[in-house]
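Reader: I would like a close look at one part of this model. Please keep it brisk.
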Amino acid sequence: MALRRPMVAGNWKMNGSAQLAQELFKKFAAKLQNDSAEVVLCPPTIYLESVRQLLEDNKQTLDGALVRMGAQNVSQHDFGAYTGEISGQMLKDSGCRYVIIGHSERRRMYGETSNIVAEKFAAAQKHGLTPILCVGESGPAREARRTFEVIAEELDVVIEKNGTMAFDNAIIAYEPLWAVGTGKSATPEQAQEVHAFIRSRLSEVSPFIGENIRILYGGSVTPNNAADIFAQPDVDGGLIGGASLNSSEFLSLCTIAMSA
Ligand SMILES: O=C(CO)COP(=O)(O)O
């Protein structure tokens, strides 16, 4: 077993259905009998209960596989008058182990600043959830050779608020904005370069964390490009959008990660 167990996490975004969850579990039960990668489903909140139930119902058939559940967002607050929001405790109660924090869609469309992201990271951990922290540069930032600068800034705000040791229980997802939902994935070399940068940044404060933290790549990952990306030394799997909505494609990504 590699030092870091690869992970494939499906971020359904505002897509999918209870039926998709059933389809996935049918495929998992037939094909996923292996714990060499961890599989995480992050459906819309309304389907968490269906997925939780499926996890329970399939306990026997999935024996040997690591399938877990995550949410796509969490409130930075514990409780109160925040209409439409969901707290970390509520997600924990629903059976989530993970929560995606700071996805670029939330940063861009819902005004989540790096400070809010840092607060959400803290809220997740406070309630026993493992944050999957998304970072990534825009197309223009890459063209202006500001990729490392942007990623460092996004990481540093979370580190300043939570401390480097908080990354002992966290996952990072590198999702370049220009690759999210565009069909234009980063090359394996581009992904590796940024993943190595993130790892070295964390290693400066804690070599242990640098070495052990899992860093996922996200952005137009498909069964066609995953093997080369997942094979990079600092890439520990993927955060998958579009391809997580097709049960055959998602299963094949899980299988690729298992042999990475
Ligand atoms: O945003 C993503 C996962 O969080 C990636 O989305 P796509 O795989 O659809 O590019």
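Reader: Where is the place of Glu175?

Author: First, a word on the model. It is predicted, so local features need pLDDT of at least 70, side-chain atom pairs count only at pLDDT 80 or more, and totals for chains, interfaces and linings use all residues. Residues are numbered from 1 along each chain as its sequence is written.

Glu175 sits in the loop between β6 (171-174) and α8 (188-205). Helices (H or I, at least four residues) and strands (E, at least two) are DSSP runs, numbered from the N terminus. Glu175 is buried, because it has 28 C-beta neighbours inside 10 Å. The cut-offs are these: buried means 20 or more other C-beta atoms within 10 Å, exposed means 12 or fewer, and partly exposed lies in between, with C-beta atoms placed from the backbone.

Now its contacts. Neighbours within four places in sequence are left aside; Glu175 then touches Ser104, Cys134, Gly136, Val180, Gly218, Gly219 and Leu239. Contact means that the C-beta atoms, placed from the backbone, lie within 7 Å.

The unreviewed UniProt entry annotates Glu175 and His103 as "active site". Its positions are given in the numbering used here, feature names are shortened, and annotations may be inferred rather than shown by experiment. The two annotated residues are spread over 73 residues of sequence, yet they cluster in space: the largest C-alpha distance is 8.3 Å. His103 lies in the loop between β4 (98-101) and α4 (104-109). His103 is buried too, because 27 other C-beta atoms lie within 10 Å.

Note on methods
Contact = placed C-beta atoms within 7 Å.
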